[in-house]
Structure formats: C-alpha cells, structure tokens
Amino acid sequence: MSILANKDTRVVIQGGQAGVNAARRMAEFCYLIKRPLSVEAFVYPPDAGKTNEIPYGSGLIAVPIYKTIAEATKNHPAINTSLVYIGADRAMKGGMEALDDSHIKVVSMITEGVPEKDAKILGAHARKLGKVFNGPSSIGIISAGACRLGVIGGAFDNLVLSKLYREGSFGVITKSGGLSNEIIWICSQFADGITTAIGIGGDAYPGTDYVSYLEMFENDPQTKAVVIVGEMGGDLEERAAEWYGAKKRRVKLIGVVSGFCQESLPKGMKFGHAGAKEGMKGEGSARSKSDALKKAGAIVPPTFGALGPAIKETYQEMLKSGQVKEIVEPTSLPKLPKTVEEAMKADEVIVAPLIRTTISDDRGDEPCYDGYPASELINKGYEIPHVIGLLWDKRLISKQEAEIIKRIVMLSADHGPCVSGAYATILAACAGIGLSQAVAAGLIMIGPRFGGAVTDAGRWFKYAVDNKMTVEDFLAYMKKNVGPVPGIGHRVKSLRNPDKRVKELVGYVKSLHIKTPCLDFALQVEQVTAAKKDNLILNVDGTMAAVLVDLGFPVDSLNGFFILSRTIGLIGHWVDQKRQDSRLIRLFDYLVNYAAPKRREVPPLK
C-alpha cells in the first residue's frame with residue numbers, strides 16, 4: 001500500500017512550462033513501473049484548447065490543456081489530484097480552485113515564495129473540506145511502484161538506483177526537497193526501500209504537518225517504519241515527538257534534525273528555507289527537537305552520517321522478527337529509450353540528415369559563419385558585409401568588396417513611400433498589422449517589376465559577357481527571346497535627370513581600378529539604349545547586379561541584396577506610421593476609375 005499517491009491517482013497539473021517538465025519526469029516513472037501516464041490534463045489559460053506533448057517511452061502522449069479546473073475534471077472525471085506550478089502571486093487562487101472542486105482530494109503545491117497568509121488559508125480550507133493540501137515549496141510525493149507527483153526522486157537512473165520501481169517498508173517525510181532524494185536512496189541501500197516519500201516544503205507554515213502524515217503511515221500496514229528529516233525553526237518536530245510518545249505506535253520512528261551548527265552562530269539567523277529559523281531564545285533549536293524525539297522513543301542518530309546504519313539496524317530487526325521479508329529484485333527493468341542525440345553519440349544509430357548546411361554552425365558556444373566564430377569576426381574589425389560574404393558566397397571578402405556592399409545597402413535602403421513595397425508596408429502599418437507581417441507584405445512586392453530585376457539583370461549581363469556577345473547581338477537576343485533588358489530603364493530618371501545612386505556606385509567602383517567586365521558591358525548597353533530613348537538608362541538594380549556579379553556573388557543571391565537593404569527602409573516606414581499613430585487608409589474615390597457597368601436592375605431568377 002501507500003499514502004496520498006497510489007495506482008488510482010489521476011492528476012491535473014496547474015501551470016505552464018514548469019508543469020510540463022514535471023509531467024515529463026512523471027511519465028518516466030510511469031514508464032519504469034509499466035503504468036499508464038497519470039497526468040490526464042493541464043490547466044493553463046493562455047494555452048487552453050491546445051495540447052502538451054509528453055514523451056512516454058519512445059512515443060508521445062498528447063495531454064489536453066484547459067482554462068479551468070472545472071473544465072478539466074468535467075472532461076476527465078477520474079482526476080483526483082492537482083499539482084500546482086503557478087507563480088506565487090497567483091498560487092493561492094489556483095490552489096483554492098483545485099480544493100473547491102469535488103473531484104480533487106489532494107493538492108500538492110510546488111510553488112515557492114507563497115505568502116505565509118495564503119499558505120495558512122489554503123491549509124485551513126483543506127482541513128475544513130477534509131482534503132490534503134501539501135506544500136507550498138514541496139518537491140512532491142512519490143509512492144514506490146505506484147505514483148509520482150512532481151520531480152521528487154530525481155532522474156530516471158536515480159529512480160532505478162533507489163528501487164522506486166517496487167514498494168519497500170519505509171515512509172519518508174522531509175522538509176528539504178534535496179534531502180528527500182537522499183533519504184529515499186539511503187532507504188533503498190540500507191533497507192528495502194520506501195512505501196511513500198513526501199516533501200512537505202520548507203516554509204514556516206506548511207499545509208500539512210508531520211503528525212497528519214504519521215497518522216496516515218500508522219494506518220498503512222505496508223509501512224513498518226517512518227524516517228522524518230527535520231530542521232531548526234517552528235515546532236513541527238516537537239509535535240511529531242508528542243504524537244509518537246502519546247501511546248505505543250505500530251510504526252517505528254527514525255528522526256534526524258539538521259541545524260546543530262546554529263549553536264556556533266548568532267541566534268535568530270535564517271537559513272535557506274523560510275521556516276529554518278531558530279527563535280532568539282533558542283525555541284525550535286535542532287538540539288531541543290532531537291531531545292524531544294529521543295524522549296518520545298524515536299530512534300535519533302547522533303549525526304546525519306549515522307542515519308544509514310540506523311535505518312539498516314531497524315530493517316534487520318524487522319527481518320528477524322518476520323515483519324518484513326527479503327525482496328527478490330526483478331531480473332530486468334525497463335530502460336528509458338535514448339534520444340537520437342544520445343544514440344548517435346554512442347555510435348548506436350545512423351540517421352539520415354533532413355537538411356544539409358555548409359555555411360553556419362551554432363552547436364558550440366556561439367555561431368560560426370563558414371567556420372569563423374562570430375565574436376572573433378567582430379573583435380578583428382570585420383563588419384556586416386563580411387558576414388554577408390561568408391553566408392552568401394562562402395568566402396571572406398576583401399575590405400574593398402565590403403565597402404562596395406556597404407554602399408549598395410546604403411544606396412538602396414529606401415526609395416520613398418510611393419514604391420509598391422513601401423506602400424504595402426505603410427498600408428499594413430495603418431491597418432494595425434505587426435512589424436514582421438507588415439514588412440513581409442512589403443517584401444512580397446519584390447518581383448520582376450520592383451527590385452526583382454537585380455537577379456535577372458545579373459543573369460543576362462553575365463550571359464552576355466560569358467558568351468562574348470556584342471551589345472547589338474545581346475539586344476537582338478533579348479528582344480527575340482526574353483523581352484526588355486532587366487536593369488535598363490527608369491520611370492522617372494533619364495539622361496537629363498540621372499539617378500545619383502547609380503553615378504555614386506559606378507564612380508566608386510571605377511575608382512578602385514578593379515576588373516568589372518559586367519559593369520563595363522552594362523554601361524555599353526546603356527549608351528545604345530539611352531540613345532533610342534533617354535529614360536532607358538542603367539538603373540540601380542542593373543548597376544547592383546553588374547557590380548555584384550563582378551565581385552563573384554552567385555547570380556541567384558543577387559535579389560538578396562535588394563531584399564536585405566530594402567528591409568531597412570520598410571522597417572523605418574512601419575515605425576514611422578506607428579510613431580504618428582496613423583489611421584486606416586482607404587483610397588479616395590477620385591483615385592479609382594470605376595469602369596464597371598452603370599447600376600442596373602437585377603433580372604428575375606430563372
């Protein structure tokens with residue numbers, strides 16, 4: 001048998017990620033003892049209607065999330081226990097909600113920092129209803145071979161080492177979460193293990209005291225002895241001693257109290273737990289608690305190190321008297337399946353990669369771009385254009401090339417609010433759309449008529465240079481097979497009104513005296529096309545394309561430069577509209593040519 005948590009315990013967990021982590025640990029225990037997952041539902045209003053995927057063995061179990069305890073117990077009427085993983089400021093409300101539900105009999109609160117007033121109210125309310133409120137600051141409850149509430153017991157390997165897969169004979173009650181795992185392990189090594197272990201929490205006013213749990217253990221025939229681990233502060237241990245000494249008890253009591261170091265420290269010093277504070281006049285000292293337990297007939301080892309031998313001696317006496325029998329351990333136990341990462345590390349499995357990357361690796365302390373650590377690039381003076389070179393072209397570009405890219409990005413960062421990309425972003429911003437979606441709306445506009453000419457221009461200028469075509473042959477080929485030359489032509493700019501961005505970029509690149517075959521060819525094309533019509537000039541898309549091809553960047557990456565630089569402007573337009581608190585835009589009627597038929601009568605439906 002066991003107390004509080006057994007094979008019939010069905011759980012709802014109140015809280016978010018911490019609760020999910022607890023459910024995963026509980027699933028490991030259920031897998032070890034070959035029982036179904038005890039967690040039936042979560043209550044976490046922000047994610048209501050969704051599910052949490054909990055690993056169980058090599059599979060996943062979808063556990064539904066509800067808005068309220070009432071919804072959870074209505075859909076899962078077998079639920080009888082709640083674990084509370086809610087923040088301290090909301091824990092009382094969550095605890096009361098669970099206690100007030102008729103289905104729930106046990107509430108264990110893991111939350112730390114719960115106000116003492118709230119803890120007192122929750123404890124009193126539970127007693128009024130005849131229910132159990134465990135905690136706050138509890139690590140949980142575990143009944144060997146039956147049920148685990150919370151993370152008590154530690155990792156999977158420790159569950160096995162502590163023989164928690166089957167029932168023993170010792171009950172455990174502790175204030176300390178860490179020590180609870182230690183005592184469970186000691187009971188498994190010096191005796192036959194535990195029935196149930198309970199972490200009541202280290203707060204000054206726990207919801208349930210030692211005496212209440214000692215009564216439960218006394219009435220559990222499987223539990224032959226109980227180990228309590230106390231500490232200075234409060235009077236829970238004295239009350240336990242009073243209970244044990246009041247009459248002859250069936251269970252043996254072994255008690256150890258931490259805090260004798262207080263005798264060498266200033267009175268009133270507070271330790272890690274909220275309740276671990278000796279009174280200024282020595283009330284609640286470790287020594288007085290130990291003396292009270294000894295006087296009541298409990299076994300009190302002189303030191304914590306002597307606890308194991310004391311448990312062993314008690315167990316041997318129970319074996320000799322026939323109260324317990326030697327346990328035959330199972331020949332094999334379930335092993336927790338390895339993750340893919342663990343199996344690969346152990347060279348036990350080959351996994352075909354889903355994707356292949358050759359540009360970056362973030363598995364270490366920091367990202368490496370084509371093998372170069374990001375922090376080293378920064379500290380050695382490299383800049384964003386160098387990162388672009390590494391990620392887009394897998395090479396560390398020169399200082400000259402980086403300067404060219406910087407100028408390309410700066411010159412093409414924005415082109416006012418009227419171009420399609422900026423206009424789409426502004427419309428979205430005024431409609432209350434978020435930054436990423438609004439910028440995405442603007443980026444969607446990038447195509448063959450807006451910005452998309454960069455890649456196409458680079459492709460065809462490169463084609464002409466690679467095939468040693470003359471300008472005349474190139475233009476004839478384009479007219480016959482492709483259409484207008486990408487990168488040539490502007491709606492506003494012309495020979496008489498040149499694009500200063502083009503002049504700036506061409507002038508700088510030429511000043512470097514580097515080989516620019518694509519740019520030279522593009523400028524030759526401009527001479528011919530502009531002679532026919534003065535707005536058929538080399539535009540900024542075509543200039544960027546030719547320069548970037550000359551720098552060696554892959555043709556298919558060229559639109560990326562326009563996307564990267566124009567994103568800067570689109571973000572600016574979104575921020576600008578938000579700053580102005582701009583209103584929803586609707587086109588004025590005079591901007592629309594309503595060419596639809598005039599209003600007419602709808603004919604009868606035949």
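The model you are looking at is predicted: local features need pLDDT of at least 70, side-chain atom pairs count only at pLDDT 80 or more, and totals for chains, interfaces and linings use all residues. Residues are numbered from 1 along each chain as its sequence is written, and side-chain values use heavy atoms, with hydrogens and water left out.

A word on names: helices (H or I, at least four residues) and strands (E, at least two) are DSSP runs, numbered from the N terminus.

Strand S1 (residues 11–15) and S2 run parallel, joined by four bridges. Two strands count as paired if DSSP finds at least two bridges between them. S2 is also joined to strand S4 (residues 59–66), by two bridges, and these two run parallel. Here Phe42 stands opposite Ile65 in S4.

Is S2 mostly covered or uncovered? Strand S2 (residues 39–43) is mostly covered, with five of its five residues buried. Buried means under 20% relative accessible area, exposed means over 50%, and partly exposed lies in between (1.4 Å probe, protein chains only).

Now step back to the whole sheet. Seven strands form an open sheet in the order S3-S4-S2-S1-S5-S6-S7, with mixed pairing. Strand S3 (51–56) and strand S7 (132–134) stand at the edges with a single partner strand each, so one side of each has no neighbour in the sheet. From one strand to the next, the twist averages 25 degrees. Axes are lines fitted to C-alpha atoms, for helices over the stretch in contact, and angles run from 0 to 180 degrees between N-to-C directions.

Helix H1 packs on this sheet, touching S1, S2, S3 and strand S5 (81–85), and its direction makes about 35 degrees with that of S3. Contact means heavy atoms within 4.5 Å. S1, helix H1 (residues 17–32) and S2 also make a right-handed β-α-β unit. Right-handed here means that, with the strands pointing away from the viewer, the path from the first strand over the helix to the second runs clockwise. Helix H4 lies across strand S6 (106–109) and S7, running at about 155 degrees to S7.

Three strands form an open sheet in the order S14-S15-S16, and the pairing is antiparallel. Its edge strands are strand S14 (360–361) and strand S16 (372–373), each pairing on one side only. Two bridges join S14 to strand S15 (residues 368–369), and the bridge partner of Ser360 in S15 is Tyr369.

## Helices that pack together

| Helix pair | Axis distance | Angle |
|---|---|---|
| H3 (residues 88–99) and H4 (residues 116–129) | 10 Å | about 0 degrees |
| H19 (residues 500–511) and H21 (residues 540–551) | within 9 Å | roughly 20 degrees |
| H16 (residues 435–444) and H22 (residues 558–580) | within 9 Å | roughly 130 degrees |

H3 and H4 pack at an angle of about 0 degrees, which makes H3 roughly parallel to H4. Met92, Gly95, Met96 and Leu99 in H3 meet several residues of H4, including Ile121, Leu122 and Leu129.

The axes of H19 and H21 cross at roughly 20 degrees, which makes H19 roughly parallel to H21. The contact involves, among others, Val502 and Leu505 of H19 and Met544 and Val547 of H21. Their crossing is left-handed. A crossing is left-handed if the near helix is turned anticlockwise from the far one by less than a right angle, and right-handed if clockwise.

For H16 and H22, the axes cross at roughly 130 degrees, which makes H16 oblique to H22. H16 passes H22 in a right-handed crossing. Among the residues making the contact are Leu435 and Val439 of H16 and Leu570 and Trp574 of H22.

Most residues other than glycine have a negative phi, and most peptide bonds are trans. A cis peptide bond joins Gly135 and Pro136, with omega about 0 degrees. Pro136 is found in the loop between S7 and strand S8 (140–143).

Ser137 is in the loop between S7 and S8 too. Ser137 has a positive phi of about 60 degrees although it is not a glycine. Is Ser137 buried or exposed? Ser137 is buried, with a relative accessible area of 17%.

His513 has a positive phi of about 55 degrees, and it is not a glycine either. His513 sits in the loop between H19 and helix H20 (517–532), and is exposed, with a relative accessible area of 73%.

Key:
Angles under 35 degrees count as roughly parallel, over 145 as roughly antiparallel, 65 to 115 as roughly perpendicular and the rest as oblique.
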